[in-house]
Amino acid sequence: MKNGKIRQLVDKIKPTFEKGGKLSFLQSTFEGFETFLFVPNTVTNKGSHIRDSIDMKRTMAIVVMAVVPAVLMGMLNTGFQHFLSIGEDATFWSWAGLWYGFLKVMPFIIVSYLVGLGIEFAVAQVKGHEINEGFLVSGILIPLIIPIDTPLWMVALATAFAVIIGKEIFGGTGMNIFNVALLTRAFLFFAYPSYMSGDRIWIDGMLQGDGVIDGFSGATPLAEAAAGNMDNLPSVMEMFMGYIPGSIGETSTLAILIGAVILIYTGIGSWKIMLSGVVGGAAMGILLNIFAVNTLMEVPFWHHLMMGGFAFGVIFMATDPVTAAQTETGKWIYGFLVGLLAILIRVLNPAYPEGVMLAILFMNVFAPLIDHYVVEANIKKRLKRLKA
Amino acid sequence: MSKVIKIKKGLDIKLKGAAEKVTVIAESSDLYAIKPPDFVGLTPKLCTKPGEKVKVGTPVFFDKNRPSIMFTSPVSGTLKEVRRGERRRILEVVIEASKDQDYEEFSSGNPEGMTEEVVRDNLLKSGLWPTIIQRPYGVLADPEAKPRSIYISGFDSSPLGVDYDVILKDEEASMAAGVAALQQLTDGKVHMGLEEGYPVNKTFDKLKNVEYHYFKGKHPAGNVGIQIHHIEPMNKGDIVWTLSPQHVCAIGKLFLNGKLNPSITIAIAGSGISKPRYVKTMMGTSLKPLLANMLEEPESVRIISGNVLTGTKVEAEGFLGYYDALLSVIPEGNYYELFGWVMPGLKKFSNTRAFFSWLRPGKEWEIDTNLKGGERAFVLTGQYNKVFPMDILPVHLLKAILVEDIDKMEQLGIYEVLEEDMALCEFVCTSKTDVQGILRNGLDLMRKEMS
């Protein structure tokens with residue numbers, strides 16, 4: 001396809017957007033769309049004459065692909081939980097459920113992308129930069145970590161907050177300190193706590209309460225465990241597959257694991273962070289099991305790995321390369337502490353029903369410190385060699 | 001056999017068009033050139049004017065700051081032209097060859113019996129001194145310096161890399177003499193890095209007083225900088241010299257014959273070449289006779305003096321670089337690709353498995369010069385580490401350079417690296433960062449600061 005019809009069309013309208021053209025103020029936007037359609041014809045002019053085929057767009061596309069199983073399972077579960085709540089005879093694997101979930105989840109995805117990409121485009125335009133691809137991933141993650149009953153305007157507001165305050169003021173993709181998607185959730189959590197916790201927010205329609213059958217509990221397994229209702233806990237299989245209430249994309253550990261395999265196999269996600277995160281979570285779980293003074297502490301440590309947002313956070317959030325530790329040794333420490341803190345906060349802090357979000361944001365702050373010590377160790381080794 | 005050093009990180013890029021192990025004698029060229037930009041740290045000052053006659057070994061220009069370093073003509077003939085670029089910087093000094101070749105006379109004899117001064121003067125006067133590259137910074141060697149040791153890599157692991165079994169056939173005597181000469185220049189040792197698992201090249205075998213090291217691993221295992229790092233890493237204040245084996249032989253021939261022998265064998269390779277093979281030619285030769293009828297599509301190829309990761313772009317009418325034993329020709333990549341970033345990518349080489357090309361291991365790839373994406377800020381991490389076999393934090397070093405933090409650069413090990421050692425980092429970079437350019441800026445800054 002060296003000179004297809006689409007290319008001819010793009011070449012024809014291109015001068016309009018270039019310097020001196022009528023619409024030159026939209027140059028970044030045009031470039032964004034052009035490079036979306038075509039890998040540009042730029043050739044190397046310094047350094048290495050050949051380059052790896054990988055680029056930021058491909059990288060982000062792979063991550064989005066890795067998230068797709070979680071999206072689909074989230075849609076299925078949205079429908080399933082809704083039908084359960086209104087007392088219909090529901091099965092998880094049903095087209096009706098998927099369709100219902102699709103209609104409910106898509107608006108979140110659309111709003112998240114529209115707001116986030118809108119801001120990205122505007123900022124790129126103002127700065128005269130190329131458009132950064134970072135939000136392609138954030139945009140799909142945001143809808144997956146919020147409860148299904150969150151109003152759309154809140155999603156829009158939180159996304160705008162996260163993109164502007166969390167990313168653009170630091171200089172855009174690659175410069176941010178906090179994971180953008182998690183910042184969205186943190187904003188919602190602190191600004192609208194009643195929409196972010198409780199037993200009635202996880203299932204579509206339950207907040208309004210229309211048609212919900214008597215005695216139906218929308219509580220997540222974590223909430224049940226915290227309340228000591230150990231009899232209400234779902235089976236391990238149900239938690240693993242994701243037949244449980246929770247944020248849209250976090251419920252199915254299986255789907256998240258498929259994503260993890262994609263990220264690790266392609267070499268795009270850090271297996272070191274994922275592995276050490278799981279190890280850290282398990283370690284804290286075991287420690288709590290040993291003391292086990294309340295019901296939540298009695299939850300077997302490996303159940304914790306499938307409850308709440310732990311798997312989703314460790315696989316898709318903690319591995320964000322910009323906000324994680326950047327040195328290889330640092331990644332082990334960072335991942336381990338994310339897992340450790342997530343379970344610690346989850347179990348021991350009564351104010352927060354889930355600890356993953358705070359654990360990762362907290363470790364985002366400490367990642368540079370971890371890296372600092374790794375770098376210092378490298379420097380010291382060199383100095384020691386000099387003295388020897 | 002001594003201990004084998006395993007290089008665990010790296011990447012072999014198998015390109016289509018490796019040179020067949022056949023050597024042909026190239027048609028001799030009318031034009032030859034010495035290109036001052038090939039030499040880092042050189043301020044050239046001409047000592048021959050256009051129109052003047054030169055012999056093989058006659059000085060053409062010298063280093064203004066260290067006038068003893070001479071750059072001599074590889075042929076006898078007439079100095080034809082001095083091509084200049086911006087701010088009258090000398091780019092090429094072109095010499096037109098005459099039919100008969102006259103040679104300048106230099107000292108000859110067994111270097112083992114010579115003093116250090118005689119050996120050094122002979123190299124300086126003959127114009128072979130610039131074959132020595134000094135680390136740190138990768139500059140012309142300082143004639144007053146005493147290197148800690150001298151390193152020679154006996155194999156080339158780079159894409160389309162040359163095979164010294166072909167290039168250095170029947171060079172045993174010159175290699176031995178060259179090594180003997182180098183031994184006079186250092187109190188330390190002459191080290192040679194060889195590839196484990198291959199029969200030792202006869203030319204490299206049983207050299208006197210040479211310490212052999214065996215390396216096993218992917219590119220850049222053959223880079224002398226990587227080898228130094230694993231043999232005895234450089235500390236602040238250390239000076240080491242490196243040479244290519246072919247240049248060591250040239251030095252040997254100088255001492256054996258008392259004349260400058262500019263003949264070299266190079267590989268012409270790459271998917272843009274119709275008959276990739278080795279040719280016997282001369283230093284500084286014009287590429288015209290080498291490439292005649294060899295280019296598949298002359299309009300749409302890039303000719304590179306050196307390998308595809310570190311070489312210099314040259315025109316078809318241009319000249320061979322001083323340090324290069326390889327001419328790579330690959331297709332230019334100035335085309336658009338519809339939805340290139342979502343396609344399966346069976347034909348796209350990548351060190352990640354983000355394209356389905358991982359289904360085709362062992363394939364020889366045709367990679368063009370397309371940048372394959374846009375430049376971005378650093379986003380992905382750990383990519384460089386996979387292809388950079390040194391105990392150095394590459395991204396942190398680059399960031400120290402970007403903010404011009406001299407102390408940090410030193411602490412993070414800038415003395416140990418040259419562009420070629422980090423070239424693969426640039427290749428694999430998702431953000432298309434200009435790694436070699438940044439590193440060169442850092443090296444230049446450091447050199448200025450320390451002098």
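Modeller: The radius of gyration is taken over C-alpha atoms, and the globule rule is 2.2 Å times the number of residues to the power 0.38. For the 388 residues of chain A, a compact globule would have a radius near 21 Å, and chain A has 23 Å, which agrees.

Biologist: How reliable is it, and how is it numbered?
Modeller: This is a predicted model, in which local features need pLDDT of at least 70, side-chain atom pairs count only at pLDDT 80 or more, and totals for chains, interfaces and linings use all residues. Residues are numbered from 1 along each chain as its sequence is written, while chains are lettered from A and ligands numbered from 1 in the order in which they are written.

Biologist: What does chain A span along its principal axes?
Modeller: The C-alpha trace of chain A spans about 70 × 70 × 35 Å.

Biologist: And how much of chain A is buried?
Modeller: In chain A, 52% of the 388 residues count as buried, meaning that 20 or more other C-beta atoms, placed from the backbone, lie within 10 Å of the residue's own.

Biologist: Which domains does chain A have?
Modeller: An automatic or database domain assignment gives domain 1 (11–44) and domain 2 (56–375) in chain A. The centres of these two domains of chain A, taken over C-alpha atoms, are 36 Å apart.

Biologist: How many residues make the contact?
Modeller: Domain 1 of chain A contributes 5 residues and domain 2 of chain A contributes 7, where contact requires C-beta atoms, placed from the backbone, within 7 Å.

Methods:
Contact = placed C-beta atoms within 7 Å. Buried ≥ 20, exposed ≤ 12 C-beta atoms within 10 Å, placed from the backbone.
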